[in-house]
Amino acid sequence: MMTGSEVREKFLQFFEGKGHLILPSASLIPENDPSLLLVGAGMAPFKPYFTGQKTPPRRRIATCQKCVRTGDLENVGRTARHHTFFEMLGNFSFADYFKKEAIAWAWEFMVEELRLPVEKLWVSTYKDDEEAYSIWRENIGVPGDKIVRLGKADNFWEIGLGPCGPCSEIYYDLGPERGCGSPDCAPGCDCDRYLEIWNLVFTQFDRDEEGNYTPLPEKNIDTGMGLERIASVMQGVSSNYETDLIKPIIERVARMTEAAYKEERINPSLKVVADHLRAVVHMVADGILPSNEGRGYVMRRLLRRALRHGRLLGIDDSFLHLTADTVIAIGQGAYPELKEHQDLIFKVIKLEEERFQETLEGGMNILSSYLREMREEGQKILSGDKAFRLYDTYGFPLELTREIAAEEGFQVAEKDFARAMEGQRKRARLARQKADGMMVGDSTHRELTGMEPTIFIGYENLLGSGQVQAIISGGQIVYEARAGSRVEMVLDKTSFYAEAGGQVGDRGVLFAPGVRVEVEDCHYLPGDIILHQGRVKEGIIKTGMQLKTQVDTGLRTATARNHTATHLLHWAIGRVLGEHVQQAGSLVNEDRLRFDFSHFTAPKEEELCRIERLVNEKIVENSPVKATITSLEKAQRMGASALFGEKYGSRVRVIKIGDYSLELCGGTHVKATGSIGLFKLTSEGSVGAGLRRIEAVTGLGALEHVSSLERILSQSAAKLKTRPGELPDRVASLITEIKEKDAELKALGHQLARLQVEGLVARAEDIGTVKMVAEAVPAKGMAELRSLADILRERLPSGIILLGAAQQDRVDFVCSVSSDLIKEGLHAGKIIKEVAIIAGGGGGGRPDMAQAGGRNPARLSDALRRGVELIRGQLPG
């Protein structure tokens, strides 16, 4: 039996022998590709090579790429093949070899390297691809009756506009016992007999807006073979979940549950937990942290879904962080970042598990309220909309809602739920279709992507010159633009820094005799093209014109101070909080700096003070700041740190500060730390689970911040008639006095309330043998009104209390019914509901105690009168 790791290694070695460059898996975070949330295909990291935006390091490349997809989330655990996390083996050709070699090598690997029986292998081709059919039939020798021609839906790859082409797939026959029994059963059938194991995509056309397919001058190869699928074939198991890539995780979880592991029938929830845990572990290792948006939300949803399935298996406590080490042990050979970041992985998962326990409790409360309302209204079926809201907002799976509802004697409108789910899937598919295409930016910007990269000269020269290569105005590429026009411009050379690495783009002017353009921002287009955005203030700019490029020196210098300070802050945070801290993002402009980092608790005040002091100590040392260009490999050997999850080219820029900070960075910096001046933290807080944010100012901005604090301190001290140095003691003394006064007021309030209660009891109305208090009272808010009702209940152990209190723009009501009268059929919640309607509101509650509110205080007397009528009608005279 060949292990999954052995299959992976054999694949990569085979294609290395065919002249391919073997690259490690790219991060799950797409590099410079806002169209993708997560890498979900082996070709995704190579989109710039396929589209011609960048030149690949070699024309032949092979990888094993980790991928995450969530489009078929509901099928995970239900089928043998669906996953959210999977590994994709792939070999790629960028204008090098084509169909003949791709097909021949695929067959060679299947038959000679993996030694799969030829009689078990089938092939499909696109119905109009005679070239591929001929290669399979004549060159490879596959019998014609084992080559299936399929249509566009199955064997033609295209998503939107751009590069596309036919594909050919290799199938493995799992045997008639896995089939549908139809005599026409063959690859393409919906049954499980023929397992697709390798897809060969021949990118040879360019599709335009009119639907025309134009042959590409340079043709590419993109192949994909799921490692889990081929491993299941090599290991002779019927499901990907039974391979050595996943089975150990299932067995580990099974030992913690009441669901014993049985190979012939794995509990679907065990599959879900194992699959989702793989995805979560790899996502954290690539720098993704739980959040309520973007890829962080995807991770949070997967983790919480795994926890819910753990509950269905009988595991009520946190457990995923205890099983993550199994995922790491299986994958660390191919993905060393798993071992490198294992402490971070354990901490992130454990913290998110603890947070979800609280969220789950909140969802349970919502479901309980739904069921309580249904019971009161005599309904038996929970609406599909409410079930879907529980699923979408609180993470409740339908099966959990169904189970809890059934325990209470209710059903769920599952068809309505399914319709809501399908609507969500359609929206997700539409978004995925838009995101998966190879389109970059809008059509006008795409026309610029074939240009030469802009030469950046702005590290040393804030005044330079460049020739205008292109002008965009009014959404169109134009030859010239006049004064007053908003423009986007590309120059062959520039001293303007384009927004990157958290640093904002430069501002300044482009000028020549009689011409002036104010530059408001700069951005990168794919292919390292710098786009200058601004407005023509004087004259006419023309393509080909030579312009001076003058960066705003004051803004650049202030930004450089903040950027270098960010590196010092990164270093200091690691020293104080621990080496597990990873940078998660930053923003650097002329006014301030912002630094996001992974940490699981709020830093203590003394820790923040120490971080601030360490930064200022390094500023006072006036350490030199040096920039060098070197290879990525050498920079890593030097120990340079990189932004977590970021991808870098083969040549990188390293910023060294003194002998303590070494980072990969393309930003602008001061020459020595002393130029930063003062460094002052302005805020620290949470921006997500396990994610903290520090903001700070430097230089004159820091001085102004300190001056502002001093003014506030002096003004506050003056108001309290003390000196600034004695302000803490004065505030503490005032707080003590206020607490004492509050206690006195509270005691007086209780005395007044009891006196008020005595009057209410004395005025209680007798309805037969029942005491009833129904009055308007002067209570300041619902809390005070409820407190008054509680005191009344002590004095009237048997009776009915209905109180109302008018506020400025609303009215509050509370109703209490003693237990003996509940048995007679009285219900506080139903009474208060009718009362509140009169005052333009609503409410409800338990039979013994309920509260409500209304929007019309003028109707308070009418509402109480209605309540009295209801009570009288329900009591024997």
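Is D528 buried, partly exposed or exposed? The views below come from a predicted model.

**View 1. D528 sits in a loop between two strands.** D528 is partly exposed, with a relative accessible area of 45%. That value falls between the cut-offs of 20% for buried and 50% for exposed. Phi of D528 is near 60°. This is a positive value in a residue other than glycine. Most residues other than glycine have a negative phi.

**View 2. R115 lies in the loop between helix 3 and strand 4.** Helix 3 covers residues 99-113, and strand 4 covers 121-126. Phi of R115 is near 55°, again a positive value in a residue other than glycine. R115 is exposed, because its relative accessible area is 68% and the cut-off for exposed is over 50%.

**View 3. Helix 10 runs from residue 320 to residue 331.**

**View 4. Helix 8 packs against helix 10.** Two packed helices are described by the angle between their axes and the distance between the axes. For helix 8 (residues 268-285) and helix 10, the angle is about 75° and the axes are 10 Å apart. Helix 8 is therefore roughly perpendicular to helix 10. Helix 8 contributes V273, L277, R278 and V281 to the contact. Helix 10 contributes L320, T323, A324, V327 and I328. The contact residues divide into seven nonpolar, one polar and one charged.

Conventions:
Residues are numbered from 1 along each chain as its sequence is written. This is a predicted model: local features need pLDDT of at least 70, side-chain atom pairs count only at pLDDT 80 or more; totals for chains, interfaces and linings use all residues. Side-chain values use heavy atoms; hydrogens and water are left out. Helices (H or I, at least four residues) and strands (E, at least two) are DSSP runs, numbered from the N terminus. The expected span of a helix is 1.5 Å times one less than its number of residues. Buried means under 20% relative accessible area, exposed over 50%, partly exposed in between (1.4 Å probe, protein chains only). Axes are lines fitted to C-alpha atoms, for helices over the stretch in contact, and angles run from 0 to 180 degrees between N-to-C directions. Angles under 35 degrees count as roughly parallel, over 145 as roughly antiparallel, 65 to 115 as roughly perpendicular and the rest as oblique. Contact means heavy atoms within 4.5 Å. Ala, Val, Leu, Ile, Met, Phe, Trp, Tyr, Cys and Pro count as nonpolar, Asp, Glu, Lys and Arg as charged, and the others, Gly among them, as polar.
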